[in-house]
Amino acid sequence: MSIKYLHTMVRVKDLDASIAFYKLLGLVERQRKESEQGRFTLVFLCPPDMADGHADVELTYNWDGDDGLPSDSRHFGHLAYTVPDIYEMCQALMDAGVTINRPPRDGHMAFVRSPDNVSIELLQEGEPLAPQEPWTSMENTGHW
């Protein structure tokens, strides 16, 4: 089964300062998403020759602040990958003994953790799959 690297997410305390830093490295802003409901801003930066979205850094800025940053390591969020069939991937991971921390109840997104406790986001390639059991009624385990 193939997967595709999407981005690395980091939480930031000062969005403008962080964007300025990544621009110093030569990255350019490729996309920005703001969520009134979630009270956050996502800014995707990438090398100029990677405007198709490969090698992105996703800066996540929580509007209400995040007092634990950077001391609690929440600054590093997750690695993200698309997969052809999220249910098949999650089942294969479970069969190998991996805990599904956030099951793909919506047919779109799941989270697992690496052996080193790195959070990994799995996203269904294309449109979400129809919700199905056992995923629909599966609870979260731990944090992701």
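A: What follows describes the largest nonpolar core, and then another core apart from it. The model is predicted, so to speak of local features a pLDDT of at least 70 is needed, and side-chain atom pairs count only at pLDDT 80 or more, while totals for chains, interfaces and linings use all residues. Residues are numbered from 1 along each chain as its sequence is written, and side-chain values use heavy atoms, with hydrogens and water left out.

A nonpolar core is a set of buried Ala, Val, Leu, Ile, Met, Phe, Trp, Tyr and Cys residues joined through side-chain atoms within 4.5 Å, where buried means under 20% relative accessible area, exposed over 50%, and partly exposed in between, with a 1.4 Å probe and protein chains only. The largest such core has 12 residues in all, among them Tyr 81, Ile 100, Ile 120 and Trp 135. At least two residues each come from strand E5 (76-83), helix H2 (86-95), strand E7 (109-113) and strand E8 (119-124); here helices (H or I, at least four residues) and strands (E, at least two) are DSSP runs, numbered from the N terminus. Helix H2 gives the most to this core, with four residues.

One member of the core, Leu 122, is in contact (heavy atoms within 4.5 Å) with Tyr 81, Val 83, Ile 86, Met 89, Cys 90, Leu 93, His 108, Met 109 and Ala 110, leaving aside neighbours within four places in sequence. Apart from this core lies another, of 10 residues, including Val 10, Val 43, Val 57 and Leu 59.
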